[in-house]
Amino acid sequence: MNFSLSTALCLAILCGSSAIHAQTNMKPSDTEYYKPVPPTVTLNKGIPSDAIVLFDGKDLSKWKSEKGNANWTVANNTLEVKPGTGNIETTEHFGDFQLHIEWKSPELIKGEGQGRGNSGIFLQGLYEIQVLDNNNNPTYVNGGAGSLYKQRPPLAQVIVTDKWHVYDIIYKAPQFNKDSLLISKGTVTVLHNGVLIQNNTQIDGTTEYIGLPKQVSHGPGPIILQDHGDLVQFRNIWLRKL
């Protein structure tokens, strides 16, 4: 063994023994800290105290349409698409968030594929998480319920026997520099009735019906619910800013 190699080995052994010695001399309190204290969140009927309630079953005061007031139907604590009136969107815009939303396909089953129980939830107005009747209704997999539309299919198809579907969506917005160039892509995680169906999924750009995703520089944006012509219902919509 040459001198330089033996010296290096000795130094490595000495450093390792010093690190072990330092570790064994540490106290539990050396790796504990008490501030800052995380904010306290309480739950009221399942809704976090720091959440913004976007629809509580009473009115559409936090929503609008492209033409002005949101004109979807509110009855029995639910919000129902009013076909032909257009999409509705939140009056407030958001960046990163946790979104809870419940939806149900129309009672009257008609159509097939993309023509049955179709709507969508657009994050920042640009990235669609698909809403679609997925009970015995085959379609292209990256357009099924829970898909990041035309980009990523869900990891599993969750069939709901009591008809109400629940999406819990964790969204991290893409970042752009001052020159509108993309720094980092957005991501989305979706739980469908408690089942993980999108796992930190990278968003490649806008969810286009025709063509490839586009990168559009933007800041905060609205939550948009889609009028696709079907009587899809929604309820219990709330959001936490992250």
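Start with the open sheet of six strands, whose order is β5-β4-β8-β17-β10-β11 with antiparallel pairing. The model is predicted. Colour the two edges of this sheet, β5 (68-69) and β11: each has a single partner strand, so one side of each is left without a neighbour in the sheet.

**Inside the sheet**

Select strand β8 (residues 88-90) together with strand β17 (residues 224-225). They pair in the antiparallel sense over two bridges.

Next select β10 and β11, an antiparallel pair with five bridges. Here I121 stands opposite I129 in β11. The two strands form a hairpin with three residues between them. In the turn, Q124 has a positive phi of about 55 degrees.

Stay on β11 and show its side chains. Which way do they point? Y127, I129 and V131 point one way from β11, while E128 and Q130 point the other way.

Move to strand β9 (residues 97-104) and strand β12 (residues 164-172). They run antiparallel and are joined by eight bridges. Show K104 and, opposite this residue, W164 in β12.

**The nonpolar core**

In soluble globular proteins, nonpolar side chains tend to be buried together. In this model, the largest nonpolar core has 37 residues. Select W63, L99, L123, Y167, L225 and F234, which touch the most other members. Which strands supply the core? At least two residues each come from β3 (52-55), β9, β10 (119-123), β11 (127-131), β12, β15 and β18 (233-241). β9 gives the most, with four residues.

Centre the view on L225 and display its contacts. Leaving out residues up to four places away in sequence, L225 touches W63, W72, L79, N87, I88, I101, G120, I121, F234 and I237. Among them, W63 and F234 are also in the group that touches the most other core members.

Now switch to a surface. The largest pocket holds about 240 Å³ of space. It is lined by 14 residues, and the closest to its centre are S105, I109, D133, N135 and K163. By class, the lining divides into four nonpolar, five polar and five charged residues.

The second largest pocket has a volume of about 200 Å³. Of its 15 lining residues, select P106, E107, L108, K110 and L231, the closest to its centre. This lining has four nonpolar, four polar and seven charged residues.

**Backbone exceptions**

Most residues other than glycine have a negative phi, and most peptide bonds are trans.

Return to K163, one of the residues closest to the centre of the largest pocket. K163 lies in the loop between β11 and β12. K163 is not a glycine, but its phi is positive, at about 80 degrees. With a relative accessibility of 43%, K163 counts as partly exposed.

Go on to N193, in the loop between β15 and β16. N193 has a positive phi of about 50 degrees, although it is not a glycine. Its relative accessibility is 33%, so N193 counts as partly exposed.

Then select K35 and P36. A cis peptide bond joins K35 and P36, with omega at about 0 degrees. P36 is found in the loop between α1 (3-24) and β1 (43-44).

**Last stop: G211**

Finish in the loop between β16 (195-202) and β17, where G211 lies. Is G211 buried or exposed? Its relative accessibility is 54%, and the cut-off for exposed is over 50%, so G211 counts as exposed. Draw a distance from the C-alpha of G211 to the C-alpha of K150: the two residues are 9.3 Å apart in space and 61 residues apart in sequence.

Technical notes:
Residues are numbered from 1 along each chain as its sequence is written. This is a predicted model: local features need pLDDT of at least 70, side-chain atom pairs count only at pLDDT 80 or more; totals for chains, interfaces and linings use all residues. Side-chain values use heavy atoms; hydrogens and water are left out. On a 1 Å grid over the protein atoms alone, a cavity is a set of points where a 1.4 Å probe fits but cannot get out, and a pocket is an open set with protein on both sides within 12 Å along at least five of seven lines; lining residues have an atom within 4 Å of a point. Grid points are joined across faces, edges and corners, and a volume is the space filled by probe spheres set on the points. Ala, Val, Leu, Ile, Met, Phe, Trp, Tyr, Cys and Pro count as nonpolar, Asp, Glu, Lys and Arg as charged, and the others, Gly among them, as polar. Two strands pair if DSSP finds at least two bridges between them. A nonpolar core is a set of buried Ala, Val, Leu, Ile, Met, Phe, Trp, Tyr and Cys residues joined through side-chain atoms within 4.5 Å. Buried means under 20% relative accessible area, exposed over 50%, partly exposed in between (1.4 Å probe, protein chains only). Contact means heavy atoms within 4.5 Å.
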